[in-house]
Amino acid sequence: MAEAAALLPAADPPTATPQVPAPRRPLANRWLNLPALTTLTAFDSATRPCQCTAPIAEDRDFFAPVLPALTEAEVAHRLHRATAHPHLAAQLATAVFTAASTTQLDTVHVRDLAPDACTITLHDDGLRQGCMTYHVPTWARPLLLAASCVWHIASGTGGPLFTDPLGSTGLPYLTDFAERCKLRPPQPPRPKRRKGSCAPTKPPETIWPCSPAHYALSWAMQEPDLMYGCPHPPPHTRRTVDAYKRGWPPPYFGQRSLRP
């Protein structure tokens, strides 16, 4: 500051601004169970590259689970500070607001992101609901723009958006990265603790189910139940969402043959 005042004598010296206390985060250090992550783990392989013009998800009658405002703010806070690799944070953020699987996320290229990151297109070759374009919430746009900028800086061309063009090694898998951020799908109910038991309870491992809820093909519904006790994701179409608001269907949204 002394050198700046000597070099720029006409400039006004900076005034000390009072420090504003950081806003309180009610959900800090807590595990967040996000229904959108229930469909993250997939049992199908990656699809072929696609350059289609996909419709908006709402026009295809697909609605990802909406986060409460408080939860959304906490998720944004964690992802903006979780890693120095923007493609990791951008990939997990996209899974949160699209309820996409890892297979769908692997199909996203830099060209599928709008220049201002207001929309992003995911492809799935018709395995689920078809290729769709999603509106990107405001909190996730800087993460997606950062991932896109790294690609443009590193190679000058487009590539898979959620990969590192710099070739970093030793990065965690997406589910491991989510657990580092304390984000996970809703878990099975914990067993009741016996009265008088003094043994310390071991924290349970996070379960990542494979849900066929968004699959459109009949063979997907014939897969064995891989939910491992986790609740199925909420309804995702306009009809089922409206019915859910009226109190139907019941909280179980999986295969009818497996309903309790």
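The structure is a predicted model, in which local features need pLDDT of at least 70 and side-chain atom pairs count only at pLDDT 80 or more, while totals for chains, interfaces and linings use all residues. Residues are numbered from 1 along each chain as its sequence is written, and side-chain values use heavy atoms, leaving out hydrogens and water.

The protein contains 8 helices and 4 strands (DSSP runs of H or I with at least four residues, and of E with at least two, numbered from the N terminus). Along the sequence, these elements follow the pattern α-β-α-α-α-β-β-α-α-β-α-α. Of the 260 residues, 42% count as buried, meaning under 20% relative accessible area with a 1.4 Å probe, protein chains only.

Since 12 of its 13 residues are buried, H3 is largely enclosed by the rest of the structure; among them are His 87, Leu 92 and Phe 97. Just after H3, Ala 99 takes a positive phi of about 60 degrees.

A search of the whole structure finds 1 aromatic pair (ring centres of Phe, Tyr or Trp, the last by its six-membered ring, within 6.5 Å; planes under 30 degrees apart are stacked, over 60 edge-to-face, the rest tilted). Phe 62 and Tyr 134 form this edge-to-face pair, at 6.3 Å centre to centre and 90 degrees between the planes. The pair links distant parts of the chain, 72 residues apart: Phe 62 lies in the loop between strand E1 and helix H2, and Tyr 134 in strand E3. Phe 62 counts as buried because its relative accessibility is 3%, and Tyr 134 counts as buried at 6%.

Note on methods. Buried means under 20% relative accessible area, exposed over 50%, partly exposed in between (1.4 Å probe, protein chains only).
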